[in-house]
Amino acid sequence: MSGRDVRRYVEQLLAGRRPRSFRPDAEEAGQMRTAIDLRAARLGSQAPSEEFLADLHRRLATEIDGATAQSRPDGATARRNVIIGTSAAAVAAAAGAAIDHAVVGRPANEPAAQETLTPNNGTWHAIAASSDLPEVGIIHFDVGTLSGFVRRVNGIATAVSGVCTHQGCKLWLDAPVARLRCPCHTTSFAADGQVLEHQLPIAPAPLPRVEVRENNGTIEVFAPTQPG
């Protein structure tokens, strides 16, 4: 088995194609397990870069060529009774699909605490009339330095940031189900900022709260001032 064969296997696997099966030696098997792990962990924008993959291919070739050049005391090449082929590729693809389509609504093992945005320099901005926000209603606001969503529950107005805590994509309001959805990675939040569903290896943090008040019939949020 040559380094070229292993490189071809890795390239096909990372590209989502089904590689040809063959019997690898111990070193080759270990390197291909790494490729399978990479394929299983490949997640959209978090996938390994092409530069990383090219470097990986070079390192695989160097390590495998070096390993096969070393002979055992008995002159035989160490081989394991493991065939990594179509079944391994299928397992890798299934693992990738399982991660890409995470179970909806699965809570994080250790959810992050919800914080409150407290800018060092901020001012109160009017975003709506109090009469425009009914009970359990939700309104989107954007004051330039801060965007978010304000709602009313039990007569009290509360607000959360409108920016996804994963990579900063702006959320949109799915009004019929009262969810704040991220267009980038199909993550959604409840109106109170808690994570409802995601397709990420680690659950994103809940949306930070935004300071809000009602002043003389107007709903206001505390937002950072524009930079001078």
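Is arginine 213 buried, partly exposed or exposed? At 34% relative accessibility, arginine 213 counts as partly exposed; buried means under 20% relative accessible area, exposed over 50%, and partly exposed in between (1.4 Å probe, protein chains only). This is a predicted model, in which local features need pLDDT of at least 70 and side-chain atom pairs count only at pLDDT 80 or more, while totals for chains, interfaces and linings use all residues. Residues are numbered from 1 along each chain as its sequence is written, and side-chain values use heavy atoms, with hydrogens and water left out.

**Whole chain.** Of the 228 residues in the chain, 36% are buried.

**The open sheet.** Select E2, E12 and E11, which form an open antiparallel sheet in the order E2-E12-E11; two strands pair if DSSP finds at least two bridges between them. E2 and strand E11 (212-215) stand at the edges with a single partner strand each, so one side of each has no neighbour in the sheet. Seven bridges join E2 and E12, and alanine 126 stands opposite glutamate 220 in E12.

Glutamate 220 is buried, with a relative accessible area of 11%. Next, select glutamate 214 and arginine 152, whose closest N and O atoms are 2.8 Å apart in another salt bridge. Glutamate 214 belongs to strand E11 and arginine 152 to strand E4 (residues 147-153), so this pair ties together parts that are 62 residues apart in sequence. Arginine 152 is buried at 9% relative accessible area, whereas glutamate 214 is partly exposed at 37%.

**The nonpolar core.** Finally, select Ile127, Phe141 and Val150, which touch the most other members of the 14-residue largest nonpolar core (buried Ala, Val, Leu, Ile, Met, Phe, Trp, Tyr and Cys residues joined through side-chain atoms within 4.5 Å). E12 supplies the largest share of this core, three residues. Apart from it lies another core of nine residues, including Cys169, Leu171, Leu180 and Cys182.

Definitions and conventions:
Helix = DSSP H or I, 4+ residues; strand = E, 2+ residues; numbered from the N terminus. Salt bridge = Lys/Arg side-chain N within 4 Å of Asp/Glu carboxyl O.
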